Amino acid sequence: MAQARKVIITCAVTGAIHTPSMSPHLPVTPEEIADAAIGAAEAGAAIVHLHARNPETGKPDQSPEAFQPFLKVIKQRTDCVINLTTGGAPYMTVEERVRPAATLQPEVASLNMGSMNFGLYPMLDRFKEFKFEWERQHLENSRDLVFKNTFSDIEYVLRTCTENGTRFEFECYDVSHLYNLAHFRDRGLVKGPLFVQTVFGLLGGIGPHPEDVLHMKRTADRLFGNEYRWSVLGAGRNQMPIAAMAAAMGANVRVGLEDSLWDGPGKLAESNAAQVRRVRGILEGLGLEVATAAEAREILALKGGDQVGF
């Protein structure tokens, strides 16, 4: 009998999009981030994707020092693959954004594959009360925000991190981002297996329609053939429908409070682990098996948890 395909679950535990006033369950302090990541790993996530925040205000913090307190704890208590953001927050410079990955040399770092409008301001219609002044500004300012990821920026991140043996979660919010990735592949700056994370339903990127998911897959198949591993994330309420549809078509999946605060209509997710358990139930219902961290390392050809800088 043919062996079942193993599906990698990534959990993005806090991100830089949502703000503390939106959910009491959003991890902010190093302890909360560590506990969220460990809980997600125990629930079945092979990879945890991490951002850091100021423990007082919850504002995104991209200093390597902000990451260190929780990285050591997660590494001691789980075997999961740790993936550090180079996206940071859209208003940071690329030099700021790359510092944690450059310094801490994780197995995986995220890399946004193109500049884009990044509209968070519709959340102002849903959330009215904010504890911190920066939260409202963060959403309001996104009306006039370009998340800058030029060819020069992308090359800078690639060259800064590649010699550390860090591989990338290539975040593709639109079809052009797949072509940008093919460009860097053609120049020899990235090598397979490429871990391609297609992102759906963020204002400024491709939409969450099933046809959008199919189009991204068809394009990636044509550009990368069998040299890529596909993963999907749906923003907000699109999280589980897109995970289910794409998993049935061969995708890996990403969940977590970075991407969605919800665990069903109108119900806030009480933890990252709750979303991991929910998507795991969907995958197992489709007859798919969830990859362990060791299997994810093999599928993505990672350097190993003993080769990191923390």
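**Ground rules.** I am working from a predicted model, in which local features need pLDDT of at least 70, side-chain atom pairs count only at pLDDT 80 or more, and totals for chains, interfaces and linings use all residues. Residues are numbered from 1 along each chain as its sequence is written, and side-chain values use heavy atoms, with hydrogens and water left out.

**The barrel.** I looked up the sheet and found a closed barrel of eight strands with parallel pairing, in the order β2-β3-β4-β5-β8-β9-β10-β11. On average, neighbouring strands in this sheet are turned by 25° against each other, direction ignored. Strands here are DSSP runs (E, at least two residues), helices are runs of H or I with at least four, and both are numbered from the N terminus. Two strands pair if DSSP finds at least two bridges between them.

**β5 beside β8.** I picked one pair to check. Strand β5 (residues 108–112) runs parallel to strand β8 (residues 167–172), and five bridges join them. L111 has F170 in β8 opposite.

**S110.** Is S110 buried or exposed? S110 sits in strand β5, and its relative accessibility is 1%, so it counts as buried (under 20% relative accessible area; exposed is over 50%, partly exposed in between, with a 1.4 Å probe and protein chains only). Leaving out residues up to four places away in sequence, S110 touches H49, N83, L84, T85, T86, G87, E169 and E171. Contact means heavy atoms within 4.5 Å.

**α5 on α6.** Helix α5 (residues 151–162) packs on helix α6 (residues 175–186) at about 55°, with the axes 12 Å apart. That angle makes α5 oblique to α6 (under 35 degrees is roughly parallel, over 145 roughly antiparallel, 65 to 115 roughly perpendicular, the rest oblique). Axes are lines fitted to C-alpha atoms, for helices over the stretch in contact, and angles run from 0 to 180 degrees between N-to-C directions. I noted F151, I154, E155 and L158 in α5 meeting N180, H183 and F184 in α6. Those contact residues divide into four nonpolar, two polar and one charged.

**α3 on α5.** Which way do α3 and α5 lie to each other? The axes of helix α3 (residues 94–104) and α5 come within 10 Å and cross at roughly 20°, so the two helices are roughly parallel. V94, E95, V98, A101 and A102 in α3 meet D153, Y156, V157, T160 and C161 in α5.

How values were computed. Nonpolar A, V, L, I, M, F, W, Y, C, P; charged D, E, K, R; others polar.
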